[in-house]
Amino acid sequence: MTLTSEKAQQLVEQATIKAQQIGINVCIAIVDSGAHLITFQRMDGAFLGSIDVALKKARTSALFPLPTGDFGQLIRDAELTGMELSNGLLAAFPGGAPLKSADVQIGAIGISGGSAEQDLEIAQYAIEQAELAQ
């Protein structure tokens with residue numbers, strides 16, 4: 001399965017719903033398995049700086065198929081100082097997650113605008129509602 005623009009839009013819609021429930025404005029990036037942007041949404045009032053962060057979170061989870069918080073923990077545990085500076089800069093804190101279908105990675109989502117925990121909660125909600133796995 002590939003990540004369709006329709007499924008990517010569904011992820012954006014679900015992430016927006018969750019962000020509104022929490023009461024925050026976020027940026028939402030969806031990329032394919034090669035880390036190429038499929039769709040992006042900046043909610044009204046989301047921080048301008050969150051645009052780049054959401055994109056980097058999505059790219060990180062596409063290039064290294066694990067949640068960005070886990071990627072950051074791996075960097076710390078394995079003493080891979082500077083790893084986040086590779087690949088055009090990566091995100092090493094929560095809010096990005098791989099997207100899988102039938103155990104095959106088809107893309108990734110990146111959320112930025114709230115706390116790291118809120119961003120992760122929004123990403124997980126969107127993945128669950130879109131009936132994908134991370």
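**The sheet and its pairing**

Mentor: Let us begin with one pairing: in this predicted model, C27 has S112 of strand 4 as its bridge partner.

Trainee: How many bridges pair strand 1 and strand 4, and in which sense?

Mentor: The partners C27 and S112 give one example, and A29 with its bridge partner G110 in strand 4 gives another. Taken over residues 27-32 and residues 104-112, strand 1 and strand 4 pair in the antiparallel sense, and the number of bridges is six.

Trainee: Which strands are the edge strands of the open sheet?

Mentor: The four strands of the open sheet follow the order 2-1-4-3, with antiparallel pairing. Pairing on one side only is what marks an edge strand here, and this applies to strand 2 (37-42) and strand 3 (96-101).

Trainee: Which residue in the turn of the hairpin has a positive phi?

Mentor: Strand 3 and strand 4 run antiparallel and are joined by six bridges, among them the one in which G96 has G110 of strand 4 as its partner. These two strands form a hairpin with two residues between them, and the turn residue with a positive phi, of about 55°, is A102.

Trainee: How many of the nine residues of strand 4 are buried?

Mentor: Helix 2 (residues 49-63) packs on the sheet and touches strand 1, strand 2, strand 3 and strand 4, its direction making about 160° with that of strand 4. Strand 4 is mostly covered, and with buried taken as under 20% relative accessible area, the number of its nine residues that are buried is eight.

How values were computed:
Residues numbered from 1 in each chain as written. Predicted model: local features only at pLDDT ≥ 70, side-chain atom pairs only at ≥ 80, totals over all residues. Heavy atoms only, no water. Pairing = 2+ DSSP bridges. Contact = heavy atoms within 4.5 Å. Axes fitted to C-alpha atoms, helices over the stretch in contact; angles between N-to-C directions. Buried < 20%, exposed > 50% of the residue type's maximum accessible area, 1.4 Å probe, protein only.
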